[in-house]
Amino acid sequence: TLIGAADRMDIYPFIPRGDMTIDRLSVNCTNSNAGSTVKIVLYASDTNGKPAALIVETATLDTASTGVKEATVSQTLRKGVTYWVGVRHSAAPTLSLFGQAATPELTTDAITTNPRKVLRKSLTYATAATDPWSYLVGDVSSATTILACAIWMRSA
């Protein structure tokens with residue numbers, strides 16, 4: 001699990017194995033936080049595979065109670081194209097994570113025992129998601145192992 005933090009946004013790469021149209025994006029809240037909410041974001045990649053234009057930012061999902069939190073979307077994803085998916089936090093609910101081996105490690109300049117799984121930015125939650133992402137090397141956190149929040153996509 002991952003404890004969120006106010007005004008934090010984490011994203012990680014996702015490459016579909018086939019063309020798909022998704023109609024739901026969801027997260028699982030395992031420990032609620034009164035008044036907390038999250039939003040799920042989806043970004044396109046630039047020609048170098050780094051996050052670029054914002055494709056989707058969901059409506060606010062209430063994480064003041066536990067359980068699956070689901071947003072309705074309508075988005076077609078293409079086979080073999082790198083997308084970046086992630087979560088924005090208003091506070092500190094606890095969300096399910098993918099296991100360490102379930103997502104790729106992001107490139108770092110040196111061998112590390114702290115695998116990097118996400119890009120992270122600080123952004124005031126009340127503002128719209130960054131568009132475009134504007135990748136900076138510092139987006140890859142070097143503090144500790146940061147695993148990817150489990151985000152489920154339902155194919156329409």
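Ring pairs gather Tyr12, Phe98 and Trp152 into a cluster; here, rings of Phe, Tyr and Trp (its six-membered ring) pair if their centres lie within 6.5 Å, with planes under 30 degrees apart counted as stacked, over 60 as edge-to-face and the rest as tilted. The model is predicted, so local features need pLDDT of at least 70 and side-chain atom pairs count only at pLDDT 80 or more, while totals for chains, interfaces and linings use all residues. Residues are numbered from 1 along each chain as its sequence is written, and side-chain values use heavy atoms, with hydrogens and water left out.

The structure holds three aromatic pairs. In one of them, the ring centres of Tyr43 and Trp133 are 5.4 Å apart and the planes stand at 85°, so this pair is edge-to-face. Tyr43 belongs to strand 4 and Trp133 to the loop between strand 10 and strand 11, so the pair ties together parts that are 90 residues apart in sequence. (Strands are DSSP runs of E with at least two residues, numbered from the N terminus.) Both Tyr43 and Trp133 are buried, where buried means under 20% relative accessible area, exposed over 50% and partly exposed in between, with a 1.4 Å probe and protein chains only. For Phe98 and Trp152, the ring centres lie 6.4 Å apart with planes at 55°, so the pair is tilted. Phe98 sits in the loop between strand 9 (94-95) and strand 10, and Trp152 in strand 11, so that this pair links distant parts of the chain, 54 residues apart. Phe98 is partly exposed at 25% relative accessible area, and Trp152 is also partly exposed, at 41%.

Lys39 lies over the face of Tyr125, 5.1 Å from the ring centre, and the charged end of Lys50 is over the ring of Tyr135, 5.0 Å from its centre.

The whole structure contains eight salt bridges, each defined as a side-chain nitrogen of Lys or Arg within 4 Å of a carboxyl oxygen of Asp or Glu. One of them joins Asp23 to Arg154, with the closest N and O atoms 2.8 Å apart. Asp23 lies in strand 3 (residues 20-31) and Arg154 in strand 11 (residues 152-155), so parts that are 131 residues apart in sequence are tied together. Asp23 is buried, with a relative accessible area of 17%, whereas Arg154 is partly exposed at 40%. Glu70 is partly exposed, with a relative accessible area of 48%.

Asp139 and Lys121 form a further salt bridge, again with the closest N and O atoms 3.3 Å apart. Asp139 lies in the loop between strand 10 (119-122) and strand 11, and Lys121 in strand 10, so the pair connects parts that are 18 residues apart in sequence. Asp139 is buried at 5% relative accessible area, and Lys121 is buried at 13%.

A network of salt bridges links Arg8, Asp10 and Arg120. In the strand pairing, Asp10 has Arg120 of strand 10 as its bridge partner. Strand 2 (residues 8-14) is mostly covered, with six of its seven residues buried. Four bridges join strand 2 to strand 10 in an antiparallel arrangement, and two strands pair if DSSP finds at least two bridges between them. Strand 2 also runs antiparallel to strand 8 (residues 83-89), through seven bridges, and Pro13 stands opposite Trp84 there.

The largest nonpolar core has 23 residues, of which Leu25, Val27, Ile40, Val87, Leu95 and Ile151 touch the most other members; a core is a set of buried Ala, Val, Leu, Ile, Met, Phe, Trp, Tyr and Cys residues joined through side-chain atoms within 4.5 Å. Strand 3 gives the most to this core, with five residues. A second, separate core of 11 residues includes Trp84, Leu119, Leu123 and Trp133.

Terms used
A charge sits over a ring if NZ of Lys or CZ of Arg is within 6 Å of the ring centre and within 35 degrees of the ring normal.
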